[in-house]
Amino acid sequence: MTATASTETHPTDSVSRRRAATRETTIRSSYRLQLRPDVLTFAAAAAIAEYLQQLGISHLYLSPVLTAARGSTHGYDVTDPTTVSAALGGPTGLKALADEVRSRGMGLIVDLVPNHVGVADPRQNPWWWDVLRNGQESRFAHYFDIDWSPGNGTGGRLALPVLQSENDPAALTVDRSGAEPMLALHDLRFPIAPGTDGDNALRIHDKQHYRLVSWKAGLCSYRRFFAVSSLAAIRQEDPELFEITHRELAAWCEHDLIDGVRVDHPDGLAYPAEYLTRLRRLIGPHRLLLVEKILANREPLDATLPVDGTTGYEALADVGGVLIDPEGEQALTELSHRFAAHGSDRAWIGETEHRIKRAVAESILAPEVRRLVTAIKQDANAESFDTLALTNATIEVLAFMPVYRADYAPLAGMIGAVVAEVEKRNNELTAPLAVLVAALATDGAAAVRFSQVCGAVTAKAVEDTMFYQAVRLVSLQEVGGNPARFGRSLNEFHVSNSERARRWPATMTTLSTHDTKRGEDVRARIGVLSQAAETWARSVESWLATTPAPDGATALFLLQNMFGVWPADGRPAASVPGLRERLHVFAEKAIREANTKTSWEESDAEFETAVHGWLDAVIDGPVGSELGDLVHELAPHAWSDALSQKLLQLCGPGIPDIYQGCELWEDSLVDPDNRRPVDFAARAGMLQSLTGTPTLDTTGAAKMWIVAYALWLRRERPDCFVGGTYQPLFAAGEHAGRVVTYARGRAGEAPEVIVAATRHSLGLAESGWGDTFLDLPTGNWTDRLTGHTFQGRARLEKLFGRLPVALLVR
């Protein structure tokens, strides 16, 4: 059960040794580690490398490793992009981790954050501190995208939206405990410009290059990551900044510490294509380069980009979608109508997306829109044009944009089509649209800002708002997903996989990440409701009659998520340590993100208290008991879907990534829940103790069994997978539509591997597979999961006699 490691004597020179090892570390699979100073450092990651090697993983995929805000549990709030995080183990620790995995024939992929840096505590970010202290004269001022113009709302000062209330300015004091005096606001500290000290705190503040403003005032004169004021965007289009922020990466490549790079949020950059070209030149032609690119419905990845693919959200939608039963759409749509006053369907989603995008652009992203409109006026030489009319037209175009940004090659002409649609809907916007079009035609600052704002509007409106308002089937509401499409047909699934195998053979595929709204097994269980739609509808109506909720849509949303994480072994939810607290944290985030009854900006304490009370009543009352009974009844079908999607991902086109801990059943909800520490010792122990095909139960042994055998097969026959062929296969008989099958093989040769996975298993509960069969290609085929051998015509009742999936090898 261990990976084959090279036993040759390596050269004593470390660089030569790593280069020798690199030739043996073809990326077959990855395992995402969420590094944390308190739980998972470089040393801790090195300690579990043996387990991951035994599991069959070829590469560790690390969350950001550069210096982040103290105590950061995710690493995306980088405060010093020029140093490796000392809290994780520093450069020595990173090198030791690289040496450890190399010695095992494995490698590293690192997560790079080029778009923004953390500025929540200015003292921790030396660049930001210097900009606050010296203003435009700071040598770092051009690193940030700051509006210093007199019309920026603060008289040319840098607006910092950190005040929590109108009384906050009165709390300003001067902290003189250190070498230099600082302005103090509660726990925050800000620099005092040279020559401006000596008065009271408020008067000192009035002399600074920055101005502290309320976070509700709609003032922010620097570009942010979406609407997160604690993350300030930086200008990678500046050659000096690119060089200094990629100096560490260049060193890692020079010394062969890493084999690949994952780029976080490239859509936020001014010129993502040009950035990726520079990055490819830096890391070389052979290292894996992946982008966190969230593709919209049917949006292609730009084939002109020098990348190997994305981080896999589109594959997640395909794999999860093919397991959804379309027969449940009508009942779940009607249920949504009854309790949410809308169907959460295609028509509602189209109207709602437009409405929320407008609201987002007019509220939390108002500072970004103001800067965009200013740039439009300047580039179009229309300084005197009516600002309100131009703003309205610009927001309307942003609200109808169907993608994150439209300046990628395959999307040429999209902006024109949207402008035409907006003008058709409202010909009164013809004049301001002409100004917008003139500005975009210059391909200057307005065009850049339009693309950047477009992505921010889409992310905040769709993923962070609409996906918390739609309630028909919440498992469809995932990053990169489209809940208007109620699943995928077999034909559609195979076409997507075939294209992936041909066009992007080394793209990453995933089922869970640190950004997914629900973990993969939670999503799989909720998806089973599409097979039990009538039962679910009757149950919800009964439960809400028994325990009325403060809001029907909120209840329908939360009940599905509770169904997804409820204990499947019959235990009361109240007896599961931490589950009640986790559900309350999730519920609060969900209702605030939904922004219908309460919000982050204007929380409604009365409504939130009522929701928390209802949640406890469900957990402790008869509804919780009945919910548990339904979970227990449907658990085998949830496990079936979970195993099916896992095997389909692991053996499908691309490089499969396993999010930490997901080799066993997992019950994660949205962050920070999905970043909880993982018990690797327990997983290593289970891997060593597996003997014989496990049964479907609450331990997750069956999932680990499938993960390990699939990864071992990828290690044994790598040419069948990354770069290998993909051939759809179809069963025949009464239940032919309830199985997903495909074959993999080496290019130009006959298939060597067949994957078969059950779908829509609830319909088989009484009848079984009947006469359904799969005609196998010529040869003897052995199921690696059970040891059973098949040839010719394989009856599915035998193929799936032990597990709902099969991994056949010629």
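Visitor: What should I know before we start?
Guide: The model is predicted, so local features need pLDDT of at least 70, side-chain atom pairs count only at pLDDT 80 or more, and totals for chains, interfaces and linings use all residues. Residues are numbered from 1 along each chain as its sequence is written, and side-chain values use heavy atoms, with hydrogens and water left out.

Visitor: OK, at what angle do α12 and α14 cross?
Guide: Roughly 135 degrees, and the axes of α12 (residues 346-362) and α14 (residues 387-400) come within 8 Å. Axes here are lines fitted to C-alpha atoms, for helices over the stretch in contact, with angles from 0 to 180 degrees between N-to-C directions. Helices are DSSP runs (H or I, at least four residues) and strands are too (E, at least two), numbered from the N terminus.

Visitor: What do you call that arrangement of α12 and α14?
Guide: α12 and α14 are oblique to each other. Under 35 degrees counts as roughly parallel, over 145 as roughly antiparallel, 65 to 115 as roughly perpendicular, and the rest as oblique.

Visitor: Which residues meet there, between α12 and α14?
Guide: From α12, His354, Lys357, Arg358, Ala361 and Glu362 meet Asn392, Ile395, Glu396, Leu398, Ala399 and Phe400 of α14. Contact means heavy atoms within 4.5 Å. By class, that contact of α12 with α14 has five nonpolar, two polar and four charged residues. Nonpolar covers Ala, Val, Leu, Ile, Met, Phe, Trp, Tyr, Cys and Pro, charged covers Asp, Glu, Lys and Arg, and the others, Gly among them, are polar.

Visitor: And how do α8 and α9 pack?
Guide: α8 (residues 247-254) and α9 (residues 272-283) pack at about 35 degrees, their axes 9 Å apart. Leu249, Ala250 and Cys253 of α8 meet Leu279, Leu282 and Ile283 of α9. That contact of α8 with α9 has six nonpolar residues, no polar and no charged.

Visitor: What about α25 and α26?
Guide: α25 packs against α26 (residues 701-716) at about 75 degrees, with axes 10 Å apart. That makes α25 roughly perpendicular to α26. Arg683, Met686 and Leu687 in α25 meet Ala701, Met704, Ala708 and Trp712 in α26.

Visitor: New topic: which helix gives the largest share of the second largest pocket's lining?
Guide: α24, with four residues. Helices α19 (520-527), α21 (552-565), α24 (622-651) and α25 (680-689) each supply at least two. By class, the lining has 18 nonpolar, 11 polar and 13 charged residues.

Visitor: Where's the cis peptide bond?
Guide: Between Asp671 and Pro672, with omega about 5 degrees. Pro672 sits in the loop between β18 (655-659) and α25.
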